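Work through the following exercises with the sequence and the model side by side. Each task is followed by a solution that goes step by step.

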Amino acid sequence: MITGAGAISSIGVGTAEFLAGLRAGRSGAGPITAFDTTGFDHANGCEVTGFEPERWIERLDPVELGPAARFAVAAARMAAADARLTPRELTAGHVLVSVGTTDGETRDLDRLVAGETDPAVERRASPARMATSVAREFALTDVEAMTVPTACAAGNYAIGYGFDAIRAGEADLAFCGGADASCLKTFAGFYRLGTIAPDYCRPFDVGRKGILTSEGAGMLVLESLASALSRGARIHAEVLGYGLNCDAHHQVAPLRESVADCMRLALADAGVQPREVDLVSAHGTGTQANDRTEAGAIHEVFGDRPPRTVSMKSMLGHSMGAASALAAIGCTLALEHGFIPPTVNHVETDPECGLDCVPNQAVAADLRIVQNNGLAFGGNNSVVVFGRYEGVAA
């Protein structure tokens, strides 16, 4: 069961702001300020604004944390508060912390590569500190803390790992999600590939020109139904199942058959038939190759009349390891509040995609089952299926 959520994104800090941004179809796009973009013809991105780490981080010194770890720890604090977890409940049993990432603390590594020699920056550069810092923030001792480095699918990977730990009885609580901070290395890499959009991200649009790099964190609290009920916790939604695969077909090009297989694995694990899915939250990067391939895989699994399929990256940008984690929170909020977030910046749907991507405005919807896709370079695919909680809420 999902009993807590924390979101830090370019459209809002905190779950309430994030929800408002999704409903309003807010875009986080703007000029990049996190690093020097001199020499690039265009340099828009989706950056987090208004984030004050000291407002959320209680035990650790934010200066001793890298930017991605600050996002992760703050989002975990938000999720714990949302779940109404007391310090005693946090330390009463075994806790799993799993944080997915693409870049780890590459913004700090960029500084070191540029010749900066700051021992504090060197100490915080390890990506493992993202998960361990969450454990240290809560003073956890009976804990497994792991960082999942499966690129842009990593948030869903981390959620699947947490789900397995809870349903197998190997953990009493799980903090799981993803985090990344904007960095020059990733922006320059995507720019070199020709996949950075000059202005906005337009998934599934005939005029789409690529991604906008982004940043943020999304963290969920998972626990068993018995645990949630015994605590009187509010249950936002439930994880029904997930699927993972890695085809290693190509370094950057997705493989339609593998993406479709991953969806089937997730639906089978969840015990859900394709016809029961009300909404697909697509990976939806806004590149020609991804959107065409993913749309084809969706049609392969769901037939000629697939569910409505949206891309939250049209609003959030591509936050790398945080992407599917933030989308998972979006799925949770959509189930709980009965709406579908829009795909914004949309002018004309690409007929080769052939999807109802809910253009530009959110719509009310009675959702029961939602699928969240996360796809990554190297053929790392992850899909998580969420369901509306039908029991009595606390």
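**Exercise 1. A salt bridge across the chain**

With which residue does Asp-356 form a salt bridge, and how far apart are the closest N and O atoms?

Before the solution, note that this is a predicted model, in which local features need pLDDT of at least 70 and side-chain atom pairs count only at pLDDT 80 or more, while totals for chains, interfaces and linings use all residues. Residues are numbered from 1 along each chain as its sequence is written, and side-chain values use heavy atoms, with hydrogens and water left out.

Step 1. A salt bridge is a side-chain nitrogen of Lys or Arg within 4 Å of a carboxyl oxygen of Asp or Glu. The partner of Asp-356 is Arg-308, and the closest N and O atoms of the two are 3.3 Å apart.

Step 2. Asp-356 lies in the loop between E12 and E13, whereas Arg-308 belongs to strand E11 (residues 308–310), so the pair ties together parts that are 48 residues apart in sequence. The labels follow DSSP runs numbered from the N terminus, with helices (H or I) of at least four residues and strands (E) of at least two.

Step 3. Asp-356 is partly exposed at a relative accessible area of 40%, and Arg-308 is also partly exposed, at 34%. Here buried means under 20% relative accessible area, exposed over 50%, and partly exposed in between, with a 1.4 Å probe and protein chains only.

**Exercise 2. Further salt bridges**

Step 1. Asp-108, Arg-111, Glu-116 and Arg-124 are linked in a network of salt bridges.

**Exercise 3. Helix H11**

Step 1. The expected span of a helix is 1.5 Å times one less than its number of residues. For the 15 residues of H11 (residues 256–270) this gives 21 Å, and the end C-alpha atoms are 21 Å apart, which agrees.

Step 2. The buried residues of H11 are Ser-258, Val-259, Ala-260, Cys-262, Met-263, Ala-266, Leu-267 and Ala-270. They pack against strand E9 (238–246), helix H12 (288–302), strand E14 (369–376) and strand E15 (380–387), where contact means heavy atoms within 4.5 Å.

Step 3. Asp-261 and Arg-264 form a salt bridge, with the closest N and O atoms 3.0 Å apart. Being 3 residues apart in helix H11, Asp-261 and Arg-264 are separated by about one helical turn. Asp-261 is partly exposed at 38% relative accessibility, and Arg-264 is partly exposed at 36%.

Step 4. Just after H11, Gly-271 takes a positive phi of about 70°.

**Exercise 4. Strand E1 and its partners**

Decide whether strand E1 is enclosed or open, and trace its pairing.

Step 1. In strand E1 (residues 2–9), 8 of the 8 residues are buried, so the strand is largely enclosed by the rest of the structure.

Step 2. Two strands pair if DSSP finds at least two bridges between them. E1 and E8 pair in the antiparallel sense over 6 bridges, and Ala-7 stands opposite Gly-218 in E8.

Step 3. E1 also runs antiparallel to strand E2 (residues 12–13), to which 2 bridges join it; Ser-9 has Gly-12 in E2 as its bridge partner. A hairpin through 2 residues joins E1 to E2.
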